[in-house]
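Trainee: I am new to this structure, and I would like to go through it slowly with you. Could we look at it together first?

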There are 2 protein chains.
Amino acid sequence: MKIIDKINKALEDDRCFWSFEYFPPKTQQGVMNLYDRIERMCNLGPLFIDVTWRWGGKSSDLTLELCSNSQTVYGVEANMHMTCTNTNFGLIKTALEKAKDQGVQNILALRGDLPDDTVEFDPSVGEFKYAIDLVRYIRKTYGDYFCISVAGYPEGCVGPEDVERDIQYLKEKQEAGADIAVTQLFYDVDNFLAWVDKCRAAGITIPILPGIMPIQNYGGFKRMTDLCRISVPQEIWDRLEPIKDDDRAVKDYGIEVAVDMIKRLRAAGMRGFHFYTINLERSTRMVLEKLQLVPTVHEVRPLPWSPSLSEKRAGENVRPIFWRNHARSYIKRTELWDEFPNGRWGDARSPAYGEMVHNEQVRLTADQAAKKWGHPATVDDVKQLFVRYCENRLDSLPWSDTPLQPESQAIQDSLACINARGFLTINSQPSCNGAPSSDKVHGWGPSNGFVYKKAYLEFFASPENVKALLARLEGNPTVTYYAVTKGGELLTNCVEDSPNAVTWGVFPGKEILQPTIVERVSFLAWKDEAFEFWNAWAHAYARDSVSAGLLSDVSDSWYLMNIVENNFQKSSESIFELFDGLGQALSTE
Amino acid sequence: MKIIDKINKALEDDRCFWSFEYFPPKTQQGVMNLYDRIERMCNLGPLFIDVTWRWGGKSSDLTLELCSNSQTVYGVEANMHMTCTNTNFGLIKTALEKAKDQGVQNILALRGDLPDDTVEFDPSVGEFKYAIDLVRYIRKTYGDYFCISVAGYPEGCVGPEDVERDIQYLKEKQEAGADIAVTQLFYDVDNFLAWVDKCRAAGITIPILPGIMPIQNYGGFKRMTDLCRISVPQEIWDRLEPIKDDDRAVKDYGIEVAVDMIKRLRAAGMRGFHFYTINLERSTRMVLEKLQLVPTVHEVRPLPWSPSLSEKRAGENVRPIFWRNHARSYIKRTELWDEFPNGRWGDARSPAYGEMVHNEQVRLTADQAAKKWGHPATVDDVKQLFVRYCENRLDSLPWSDTPLQPESQAIQDSLACINARGFLTINSQPSCNGAPSSDKVHGWGPSNGFVYKKAYLEFFASPENVKALLARLEGNPTVTYYAVTKGGELLTNCVEDSPNAVTWGVFPGKEILQPTIVERVSFLAWKDEAFEFWNAWAHAYARDSVSAGLLSDVSDSWYLMNIVENNFQKSSESIFELFDGLGQALSTE
């Protein structure tokens, strides 16, 4: 979808909106972290996100991938930056084709920084000299397909002396087909508003989004404003001076500044605000919270997971629970499906899953693995890691790049307890018996609805532990399970092969929504991925090391098991009673 | 489905089963009552029902219709009797073809009674002389399509002197292709068991179902047993003698006799029991209850409505609520659909409804209407009738042949109250917030589940009353409504055209079942039927009578309206608070 349409709708409703700008990280781990951040920050309801651009195979590919995945996996519209200097026409053409192919429909057309500050700008290097050339090319070649945004410079592109000339340039970019102007960051609100007036007087009618960058630390702020010749009101320097060595105080003040700026901009009629996040979350969140702009659950969570913006998946509203922390993998493995489950999963007529995607998440160096997870030598060492993760004392495991889901915080003690006994959980949800759909933790969907969950646990366990648990489940009429080895030996008490809805919601005037299910075929497809994490982890250690051997052994002999307590009217804790006294407690506990 | 397969399955599981025999009533009203009775008695879990046969266009057509509808509308397998004397080959052929066409797959092949006791049996009249000829013909012509049952005579067909010969006949019928023997009724258990032994000794291996007829009254019992030469143990006569003038005492004793007989038959290894109900409900119900054979909710209510046995509708599990008391009409109007809603209603892509079926239910004579509903002259008179119906002081209304649904008994005072104020309810359900699926009143579906309902009211109301109610609903975020005039003027606050699930259930290991919905297209189709009842009622009076004029006026100007309180966590009464003080109370109250 074109963001100009979303902007026009918001302006029509006289509604404030905001966007977040990110840059592609340099390391694989950084990319993973950014994805998690983008996903979390979607809860702040950005109208769209931006991803910056640097030419060069890997970097520009990563920008495109971040944009495409944000749309497909997290359901947020992406505005992809593209520069046009220091490259050539062929590359630009290819990049635009790729963007179109992947459903990216918004481009921020820029001239681009020079690769090195010491190099003079040489317009002969690329086919295009200025951003306007890129705008013209896109419009000529793609007609209305792309929404094009361009940069605006309230304090001049190079410096204040060029402001008037730059307004003319912006006018020309509008005439060439630009839909939106996003401005360089600034701190002088009066100057910005005067500049907007000049733009309007010059005939610039497209929406102008002011660029806001909350101050993060003193040194960086000083360097950046000096370098970009950005004027900073003296008051800000005065307030920063006494706290400049206290990073937290600087950040808090930065939030205060941004809040104050946006208040004044709103008072002057501005409705949209573009945040330069520099890939950080807290300041942007705090600014929006203080302005009471953070959206309700209903606005940002139409489903418990983020619906894809991919056109093919438009009606999709049911997914298996297994990939909850691995949405990208699920989308990749199902991208060739002709239709997506809508309303219900259906009668186990699920189409085949595509090949497993290599788990790049755990392609870690030995150093990184050692630093995060040490050198586990015994099962107890592994249990310790899982326990620490449940207790928020470890921020990731191979299966989870992010801490426990907020909803699972409520059951973290019980989770830690069964992990200590050798039931290594990789996914869980507590039960929920009709919470309002506005509930901060459990809620999703339209207002005045009620949401439900069956308690769910998914874990690895040794054959002995599985056997002991199965004995306990014998004759239990409300708990259903699937357990499977890496080799595919399946144990289950589900006689029919029907999907089990484990999350559902009831809303005024609607059929029941049942967005997550547990289902056999999907579990068997997920199983391969889940076991692969053991191997990937093992590979981070020397081939003949104790750790590598241990992790491979676990992978080869343990079960992956999921259990559902179908009586969702029971408390979240009751599923854990099944484990009382099972397994072997950690010797150190 | 062939009942022999169901019987074999029951015998394999060593499970008791029972069947109910009905005869086609002579009047249209009698037929309607029988349908209601069959539907109610389905809750007693018969393995199948029988409908007796008499040649003659109307009577035999009615038998076929009762069988076919019982299967399609009430989801109970039917065993259609067919006699072969006093008719001719062409009629038999046609009748069998019709039965096959309508999905009837079970025939009880009989010789048939003679039309008049004084007429000697004349085998030359028809093409077939004996039941065995019919058995042979069916087998020869239809192969295995039909399950054929035949009569067995523990006390001889004509009298005890023929018992041995009749056993040979039964053996021959088995050899000709009979699958099951259903016996003539009897009261002498010892004799019956001895007869079964003889049958087995003679090589009869097919299942034998003993015929049980609970004694209903002394006179009838005496005449019947004399006429059919059925032996009655002296003890029964002795016990009947002192109570023979007390009908209730006789019935109660009849129940005791049947219970005692079945206990002895079970002890002797019999598992199936065929009840000659003579279209009565209470005795059969009491016998099964006393034997603790009445099935659980789970066994007889897979859905809140009876799923059809029609093959085409096998997967159907969603229906609009409007036809709840008019399942036959719904099935008729949707019989041409290629697929039936399964799992969910879908995106309002409902195929078109067929033509409205004439509402034979209210094809009443003036006498009948006058007797039931008097000669309403004012709206208050009509309101009085609806109030009396809600208070169980009137057993039917044109829209409802049966008393209020059991679930609505709990809200009958509130219903009476809004009817008195001119909101004339024709359908309703109280809310239900997660009752166990085993609940006697609300329950349905598999065990260990939970069932839910949104409070629902459907009523006729004058334009003024609708207007007043709508003003009250303004801005109410949880109540949705549709109101429509006979002419089709529609008022609604449902912006999206999506179906609203108003009954659903959550079960272990399954997706959510949502068997009843409220939906616009269906409501508009139902509307024509609902208004037609006013006209049909009006037509029962003289064309220029006050009553006819009144009822036509109401039909022409009032609205049919439905409202759903989507907050099912509220009490059942809360939907009635919307009506507080609305309308005009009955002057007599």
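Trainee: Which domains does the domain assignment give for chain A?

Mentor: Please keep in mind that this is a predicted model. The centres of the two assigned domains of chain A, taken over C-alpha atoms, are separated by 42 Å. By the domain assignment, chain A holds domain 1 (3–295) and domain 2 (422–579).

Trainee: What reach does helix 2 of chain A have from its first C-alpha to its last?

Mentor: Helix 2 of chain A covers residues 28–41, which makes 14 residues. At 1.5 Å a residue the expected value is 20 Å, and the helix comes close to that, with a reach of 20 Å.

Trainee: Which residue caps the N-terminal end of helix 2 of chain A?

Mentor: The cap is made through a side-chain oxygen that lies 2.8 Å from the backbone nitrogen of Gly30(A). Gly30(A) is itself among the buried residues of helix 2, as are Leu34(A) and Ile38(A), and what covers the buried residues includes strand 1 (17–22) and helix 3 (57–73) of chain A. The residue that supplies the capping oxygen is Thr27(A).

Trainee: Turning to chain B, is Ala530(B) buried or exposed?

Mentor: Ala530(B) is found in helix 18 of chain B, which spans residues 520–539. Leaving aside residues up to four places away in sequence, Ala530(B) touches Trp399(B), Ile426(B), Phe460(B) and Leu560(B). Its relative accessibility is 0%, and the cut-off for burial is under 20%, so Ala530(B) counts as buried.

Key. Residues numbered from 1 in each chain as written. Chains lettered and ligands numbered in written order. Predicted model: local features only at pLDDT ≥ 70, side-chain atom pairs only at ≥ 80, totals over all residues. Heavy atoms only, no water. Helix = DSSP H or I, 4+ residues; strand = E, 2+ residues; numbered from the N terminus. Expected span 1.5 Å × (residues − 1). Buried < 20%, exposed > 50% of the residue type's maximum accessible area, 1.4 Å probe, protein only. Contact = heavy atoms within 4.5 Å. Polar contact = N/O pair within 3.5 Å; in protein donor to acceptor, adjacent residues only side chain to side chain. Domains from an automatic or database assignment.
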